[in-house]
Amino acid sequence: TVIGDVLAPGAEVFSAVPGKLEEQPGGNAGQLTFKLEVRPDAAVGVYPIRLRASGGLSNVLLFSVGDLPEAAETEPNDSVPMLNQGAAGSTAAAGAIPALKLPVTVNGSAAGTDQDVFRFVGKKGERIVAEVEAQRIGSMLDPAVHLFSATGRELGFAHETPGLGLDCRIDVKLPEDGDYYAVVHDSKYSGGTPAHYRLKIGAFAYAETVFPLGWQRGRELEVA
């Protein structure tokens, strides 16, 4: 759903997303809804979308295509239970935060002082990667990500991971069976809006660097 001051039915959509984008009927004044069907063979990545209406072109909106199951953040989820026992305003018990089924991409928002906590169940020796995509998709969030054990011990922290710009990633081997908590927030607890992000959690592979950094169009090349 796109909201704007001069939007009207018939606005033209320009999209680089591999798939089919159609305007849907109905909606309120200054608001248009589109249905996007992404092709099954679409490459994972970030794609631009923009609209042209009577008042001109919109700013570019960035749409991320992933390859993991998707979930939405559910509030309240702003505290790690073991770190906030007895704290005023705490969201309390561990059972208040539903467990995620991994692997997953969680779509959330964490403006200002907000922090978001996500619980999952892990096994001893299991490798877990938690990566936040925010600045890469046009968010004002400068993300930090933590991983805590059920006893409140911090097992991992990242902010501005090399190769991800201002976004971040942690890669941790779990020490025991049990509950774990991934926490996402603005690094200075003062982020503006929009503050949306995508948190990917699972045992997925990623490239830290690519060599060589460039090559010629139309020619084959081995990369590492």
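Colleague: Before we start, what are the ground rules here?

Modeller: Residues are numbered from 1 along each chain as its sequence is written, and side-chain values use heavy atoms, with hydrogens and water left out. Since the model is predicted, local features need pLDDT of at least 70 and side-chain atom pairs count only at pLDDT 80 or more, while totals for chains, interfaces and linings use all residues.

Colleague: Which residue of strand 15 stands opposite I128?

Modeller: Two strands pair if DSSP finds at least two bridges between them. Strand 12 runs antiparallel to strand 15 (residues 168-173), with six bridges. In that pairing, I128 faces V172.

Colleague: Which residues lie nearest the centre of the second largest pocket?

Modeller: A pocket is an open set of points on a 1 Å grid over the protein atoms alone, where a 1.4 Å probe fits, with protein on both sides within 12 Å along at least five of seven lines; lining residues have an atom within 4 Å of a point. This one has a volume of about 320 Å³, counted as the space filled by probe spheres set on the points. Strands 7, 12 and 17 each give two or more residues to its lining. Of the 19 lining residues, those nearest the centre are V44, E131, E133, R136 and K200.

Colleague: Which strand supplies the largest share of the lining of the largest pocket?

Modeller: That pocket has a volume of about 630 Å³. Its 23 lining residues include T1, I49, L61, L62 and F63, the closest to the centre. The largest share, four residues, comes from strand 7.

Colleague: Last one: which side chain makes a polar contact with the side chain of H146?

Modeller: H146 sits in strand 13 (residues 143-149) and is buried at 12% relative accessible area. A polar contact is a pair of N or O atoms within 3.5 Å; within protein, one must be able to donate a hydrogen and the other to accept it, and residues adjacent in sequence count only if both atoms are side-chain atoms. At 2.6 Å, the partner is E154.

Terms used. Buried means under 20% relative accessible area, exposed over 50%, partly exposed in between (1.4 Å probe, protein chains only).
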